[in-house]
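Reader: Hello! I am new to this structure, so please pick one part and walk me through it closely.

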Amino acid sequence: MNNDRLGLGVIGCGVIANLMYLPLVNRKIHGCMVELAAVSDNVAEKAAAAAQAFDARACYSDYRDLLAVPGVEAVLITTNIASHAEIALAAAAAGKHVLVQKPLAETTAEADAVIAEAQRAGVKLQVEPSHMLSPLCARARDVIASGALGTISSVEARATHSGADDRPWLFTRAGGGSVMLDMGVHALTWAASLAGPVGRVAAFTRTTVPTRTINGQAHDVDIDDNVALLLEFESGALGNIVANYTTIADQAPQYSVYGTEGTIHVGAPGSPFQLYVHKEQYGGSQGWLSPTLFRGHKARPVTETTPYEAHGVQPDTSLGHFVECILEDREPVPGGEFARHVLEIMVKGAEAGRTGVAQQISSTFKPLAG
Ligand SMILES: NC(=O)c1ccc[n+]([C@@H]2O[C@H](COP(=O)([O-])OP(=O)(O)OC[C@H]3O[C@@H](n4cnc5c(N)ncnc54)[C@H](O)[C@@H]3O)[C@@H](O)[C@H]2O)c1
């Protein structure tokens, strides 16, 4: 490809595509014009509406027609969870770079097939969510790698809200809904990004709200909408994960890392990144700090909030990174290996919830350097 132009196809023109990605196309990213070469949605009206609103060159109801367009060099997959693996596999086989919404697949076998096909075809594979790219996550990794927290003993992460009231598929197994796959993936991505690979998972899972009003109509819920996982990391640290659609409001830290020498809290939107250390060389004085930078840091007492934008789940972060990796022939973060590890924790977590038996995790990944 020429580095001045990248033809992007967007498959799945629903809420997330319209909100997070489509407003970013047909403009230069890292000096490369990212053109919306085509869109696809199996609901033809949705594809047509997105094509018109975001100036797509072509529009299809069958994603295979989009994959046949030579000018589509990379695709963004923003369909329902159940179709991610099938579409990612077909896209890689067609020689397209792939950025796929989370999770990569519903089963580890499907994930393996996608990863193998992307490798065979020599295309990039990037999987949402992009928390690892977030400045907050990078900052937390720096702090941990510096030794400021001592030995990491435990990690807590929460991904909760009250559940979308406009997308019924999220609440049915047949539709591919799963709070573990849809929300647990966020908390597990943070936890594994900060504490490394997981070796064992135990879980409790349940349906707390069996009937919901969606688009004004009552719907039965046949998924677990409330899950709690316990993790044992390969490092020996322990983890505590909560993911649900049953929380109305939450001001608890979303991600916390506890070490023998310090603590990090990454808060709910709008609240500060907080660090507690009692070693002079890392934080200055003993106490809670909100460091602006850790390398060459300026540490100061907690008075200011870290803006929500710094959470880095912003789409131009992941789309920008994807484009950059294609242009510079680099491995995306996170790629298939990490996404596959997180998926295995979720799949085995669901099994642990069903059976009451802790499950071994067989996959691993190479953590990013601090
Ligand atoms: N990163 C985040 O913070 C975040 C937040 C919410 C949702 N998501 C993820 O984004 C994805 C989409 O979620 P959404 O909320 O936009 O759902 P949605 O239902 O609004 O959109 C999905 C779209 O995909 C279309 N579609 C389904 N199967 C298709 C197929 N085979 N070919 C073409 N189009 C198809 C549907 O018609 C629909 O328009 C999910 O994987 C979800 O987990 C991510």
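Author: Gladly! Let's start where two helices meet: A85, A88, L89, A92 and A93 of α4 are in contact with E110, A111, A113, V114, E117, A118 and A121 of α5. Contact here means that the C-beta atoms of two residues, placed from the backbone, lie within 7 Å. Helices are DSSP runs (H or I, at least four residues), numbered from the N terminus. This is a predicted model, in which local features need pLDDT of at least 70 and side-chain atom pairs count only at pLDDT 80 or more, while totals for chains, interfaces and linings use all residues. Residues are numbered from 1 along each chain as its sequence is written.

Now for the angle. The axes of α4 (residues 84-93) and α5 (residues 108-121) come within 8 Å and cross at roughly 15°; these axes are lines fitted to C-alpha atoms over the stretch in contact, with angles from 0 to 180 degrees between N-to-C directions. Therefore α4 is roughly parallel to α5, a label for angles under 35 degrees.

A118 lies 9.0 Å from G336, C-alpha to C-alpha, though 218 residues separate the two in sequence. G336 belongs to helix α10 (residues 336-355). Setting aside neighbours within four places in sequence, G336 is in contact with L104, V114, I115, A118, L125 and V127. G336 is also buried, with 28 other C-beta atoms within 10 Å; the cut-off for buried is 20 or more, counted with C-beta atoms placed from the backbone.

Conventions: Angles under 35 degrees count as roughly parallel, over 145 as roughly antiparallel, 65 to 115 as roughly perpendicular and the rest as oblique. A residue is buried if 20 or more other C-beta atoms lie within 10 Å of its own, exposed if 12 or fewer, and partly exposed in between; C-beta atoms are placed from the backbone.
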